[in-house]
Amino acid sequence: MATFDRIADLSLSVDSYELERLEQAVSSDFTRVTTIVHLRGGGEEGVGEDVTYNAGDQDVQLERGAVLPLAGDWTLRSFSAALGDLDLWPRPPAMEAQRDYRRWAYESTALDLALRQAGTSLVDALERDAAPVTYVVSMRLGNPPSLDRLRGWAELYPGLKAKLDPTSDWDQSLVDELNAMGVIDSVDLKGRYEGTVVDNPPDPRLYALVAEGFPHAWIEDPALTPETAAVLEPHRDRITWDAIIHSVADIEALPFPPRMLNVKPSRFGTLEALFAAFDYCAERGIGTYGGGQFELGAGRGQIQYLASVFSPDAPNDVAPSGFNSGEPRAGLPASPLEPAIAPVGFRWNA
């Protein structure tokens, strides 16, 4: 049975919903804003998180309020179909990919509510087990690059593994220092982003530096040009993809079969598309690891939940949100995260 079919016909009764704004200052010039969706019905409440990055898009949604016609008796399948017929955007999003992010917020909220109304959990509904979640800490080293913050985290959390974003100002001495620390698990070249603050144009010198300098690290999202493809040809089995993966069709359209993929739930939009991707990868022996979108609320626990079910031993980019919130500090749960599955619903009791 397809994974989605195990939950698709769960009953869902919706009386009302509410939107809640969350924000966190990340730096002097960036405040992360997300929206928590609260879906209520039958004496229960489901929660999910809209991880759209543009704060203005979030605020316009909040200003419009809870006006979508979501009330009624549904199944998860019929509710998803109804969402597909609704315009979730009071104005077009700053980036088209964020349509999937908002759709995921409502789909994940509906999943949580349907499971709670049924008195069961996602792992029980899927007949799967949850396992401890290995995670990596994702960060940029700044401009110019500095290892101070990474060293601070590594000192507090021995054995910490990192996913770093190389940039063209990296050099061999920095690579040598990182290798001496022994923390690199993956590098994200961010070559498939367009029109964002993290765009990283293809750089054959940089690609050679990190591919050869970190011979055991996963290499995520290179931009393949004739020059960079030649550099990465010997390292194809370590190339993974993220930003362009929104569906099974996107996996099939890759330039060569992958060994590993970053499966970010919010990129897929719907529960059906997400679980179809997990099924497709499992059937073909493609590894997956979880990824996040700087969630501030319930969404972070939900991606940790999915990682515990589908990719517990992979380099999951789902570290506790405290790693995203400033300078190194003690007291965060170390990797691997012990399962924190709520008895009912789609919740991770962090």
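Me: Which residues does Asp165 touch, not counting residues up to four places away in sequence?

Reply: In this predicted model, Asp165 belongs to the loop between S7 and H6. Its relative accessible area is 6%, so Asp165 is buried. Not counting residues up to four places away in sequence, Asp165 touches Met139, Arg140, Trp170, Asp188 and Lys190.

Me: With which side chain does the side chain of Asp165 make a polar contact?

Reply: Asp165 is buried, at 6% relative accessible area. Among the residues that Asp165 touches is Arg140. The polar contact, at 3.2 Å, joins the side chain of Asp165 to the side chain of Arg140.

Me: Where do the buried residues of H6 fall when seen down the axis of the helix?

Reply: Helix H6 covers residues 172-181, and its buried residues are Leu174, Val175 and Leu178. Seen down the axis of H6, these residues fall within an arc of 100°, so they line one face of the helix.

Me: Which residue just after H6 takes a positive phi?

Reply: Just after H6, a positive phi of about 70° is taken by Gly182.

Me: Are H5 and H6 roughly parallel or roughly antiparallel to each other?

Reply: Two packed helices are described by the angle between their axes and the distance between the axes. The axes of H5 and H6 come within 12 Å and cross at roughly 5°. Angles under 35 degrees count as roughly parallel. H5 and H6 are therefore roughly parallel.

Me: Is Asp242 buried or exposed, and with which side chain does its side chain make a polar contact?

Reply: Asp242 lies in the loop between strand S10 (239-240) and helix H9 (248-252). With a relative accessible area of 0%, Asp242 is buried. Leaving aside neighbours within four places in sequence, its contacts are Tyr193, Glu220, Asp221, Asn262, Lys264 and Arg267. Its side chain makes a polar contact, at 2.6 Å, with the side chain of Lys264.

Me: What phi does Asp221 have?

Reply: Asp221 is one of the residues in contact with Asp242. Asp221 lies in the loop between strand S9 (218-220) and helix H8 (226-232) and is buried, with a relative accessible area of 0%. Although Asp221 is not a glycine, its phi is positive, at about 55°.

Me: Why does Phe294 count as buried?

Reply: Phe294 lies in the loop between strand S12 (287-290) and H12. Although not a glycine, Phe294 has a positive phi of about 60°. Buried means under 20% relative accessible area. Phe294 counts as buried because its relative accessibility is 18%.

Me: How far apart in space are Phe268 and Arg99, C-alpha to C-alpha?

Reply: Phe268 is in helix H10 (residues 265-268) and is buried, with a relative accessible area of 3%. Its contacts, leaving aside neighbours within four places in sequence, include Asp100, Ile245 and Leu274. Phe268 and Arg99 are 169 residues apart in sequence, and their C-alpha to C-alpha separation in space is 9.8 Å.

Me: Is Glu338 buried or exposed?

Reply: Glu338 is found in the segment after helix H12 (298-310). Not counting residues up to four places away in sequence, Glu338 touches Pro132 and Trp348. With a relative accessibility of 57%, Glu338 counts as exposed.

Me: Which residue does a cis peptide bond join to Pro336?

Reply: Pro336 is placed in the segment after H12. The peptide bond in question is cis, with omega about 0°, and the residue joined to Pro336 is Ser335.

Key. Residues are numbered from 1 along each chain as its sequence is written. This is a predicted model: local features need pLDDT of at least 70, side-chain atom pairs count only at pLDDT 80 or more; totals for chains, interfaces and linings use all residues. Side-chain values use heavy atoms; hydrogens and water are left out. Buried means under 20% relative accessible area, exposed over 50%, partly exposed in between (1.4 Å probe, protein chains only). Helices (H or I, at least four residues) and strands (E, at least two) are DSSP runs, numbered from the N terminus. The arc is that of the directions from the helix axis to the C-beta atoms. Axes are lines fitted to C-alpha atoms, for helices over the stretch in contact, and angles run from 0 to 180 degrees between N-to-C directions. Angles under 35 degrees count as roughly parallel, over 145 as roughly antiparallel, 65 to 115 as roughly perpendicular and the rest as oblique. Contact means heavy atoms within 4.5 Å. A polar contact is a pair of N or O atoms within 3.5 Å; within protein, one must be able to donate a hydrogen and the other to accept it, and residues adjacent in sequence count only if both atoms are side-chain atoms.
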